[in-house]
Amino acid sequence: ILAWLIAASLFCTLYFGFINIRGFGIALSFLTSKRDEKNAPGEVSHRQALWTATAATVGLGNIAGVAIAVSLGGPGATFWMILAGILGMSLKFCECTLGVKYRVINSDGSVSGGPMYYLSKGLKEIGLYRLGKFLAIMFSICCIGGALGGGNMFQANQSYQQFVGITGGENSYFYNNAWLYGLILAILLGTVIIGGIKSIAKVTEKLVPFMAAIYILCALVIIILNFELIGTAFQLIFVGAFTGEGITGGIIGVLIQGFKRAAFSNEAGLGSAPIAHSAVKTNYPVTEGFVSLLEPFIDTVIICTMTALVIIITGMHLESEGLGGIELTSKAFEKDIAFFPYILAIAAILFAFSTMISWSYYGLKSWTYLFGKSKNNENIFKFIYCLFVIFGSSLSIGAVIDLSDSMMFLMALFNIVGVYLLASKVKKELNKYLKIKFSE
């Protein structure tokens, strides 16, 4: 799966002429502009679509996953993680452009989009109807499984562990009342997702920048306090990336750990983000492709790198034995400022909650693709999703998470087939938009 994702990222980067670099300024202009396209179909702004999709990617993987990558692959894994994040920007551009191009505008003005639509409709256009339909159905099944497991139960379970930790540990009232924590979380989640993408976008637009700012600020404080070690940290990152000294598997082992964390963190190629980006108000699909390429940059190049730097600068990558991912990051933050683990725990809970919000929408759109769009079908899924929050908080769910993780990354297998076969359609959209833009 990892090789499949990286190969597709590299293909899109070369095929679209390093769109991840030359499209960066255009992407920022959409994010900062307050002008909306007049009478454009869709439900949310460029900014809201971006933050909704970023809410799903910025999560516990940025805190725990990066710590595991650095502890197993050494500081050098950070270099390959950043590179994979930069390449992933191009893949995200392609799949999110396809998401908008082949979306369906429903009779009530709501939008349905994502890989299930561009796989079925796009491949039908090129004479591969049966293949497209099969891939769309398989993608939807896996997306529902991934949403209920990794996007829901895992997040609820891990946020519960963090909540208990900051409310007294074994002395916490919630220590033996995980179901109660899950019930409260499910109610909070339900109040957000009941209103659909517009309600979700309003929450994520405020929550994601806020929680990301808290986390980045904390990391910057640690880095500034250890300013004299920044040069050494970057030296370790570059040397480790090309030597792999002392790491199992040498340079290949370091490369795999870095690429794996980036690919699994920013979700480029999974096909989840196009579902959120499809709801944007625009007449030009490629405009949302530009906006979406900022996602891997925010998630991997900024937030994941911040985590890695804190761990390396504080030397915790040398003391990782016996520590879980989030424990390692917490210890690194605690080394200079004692109360930082509490801020980290709050950030982790917010990260988990925002991920659950966005994955509810991904699961819902896959559900309605399979079973039809109706109010009853939507409410059934939302009820099931909220119920799984309680299960996730209360149960030991290791096997469930392993299964859901497998389903989540199987999404990439089906999605990327569509990316390869429909990349030429995206290039046409890109050239058409650039011609309009530069003629203005």
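Me: How are α17 and α18 oriented to each other?
Reply: In this predicted model, where local features need pLDDT of at least 70, side-chain atom pairs count only at pLDDT 80 or more, and totals for chains, interfaces and linings use all residues, α17 and α18 are oblique to each other. Angles under 35 degrees count as roughly parallel, over 145 as roughly antiparallel, 65 to 115 as roughly perpendicular and the rest as oblique.

Me: What angle do they pack at, and how far apart are the axes?
Reply: Helix α17 (residues 340–371) and helix α18 (residues 375–394) pack at about 140°, with axes 10 Å apart. Axes are lines fitted to C-alpha atoms, for helices over the stretch in contact, and angles run from 0 to 180 degrees between N-to-C directions. The helices are DSSP runs (H or I, at least four residues), numbered from the N terminus. Residues are numbered from 1 along each chain as its sequence is written, and side-chain values use heavy atoms, with hydrogens and water left out.

Me: Which residues meet there?
Reply: Among those in α17 are Met-356, Trp-359 and Phe-371, and the residues in α18 that they and others meet include Asn-377, Phe-381 and Val-389, where contact means heavy atoms within 4.5 Å.

Me: Switching to Ile-298, is that residue buried or exposed?
Reply: Ile-298 is buried, with a relative accessible area of 16%, since buried means under 20% relative accessible area, exposed over 50% and partly exposed in between (1.4 Å probe, protein chains only). Ile-298 is found in helix α15 (residues 294–313).

Me: What is Ile-298 in contact with?
Reply: Leaving aside neighbours within four places in sequence, Ile-298 is in contact with Leu-50, Trp-51, Thr-54 and Ile-303. Thr-54 is 244 residues away from Ile-298 along the chain, yet their C-alpha atoms are separated by 8.1 Å.

Me: And how many aromatic pairs are there?
Reply: The count comes to 29 aromatic pairs, and rings of Phe, Tyr and Trp (its six-membered ring) pair if their centres lie within 6.5 Å, with planes under 30 degrees apart counted as stacked, over 60 as edge-to-face and the rest as tilted. The rings of Phe-16 and Phe-93 have centres 5.5 Å apart and planes at 75°, so that pair is edge-to-face.

Technical notes. Helices (H or I, at least four residues) and strands (E, at least two) are DSSP runs, numbered from the N terminus.
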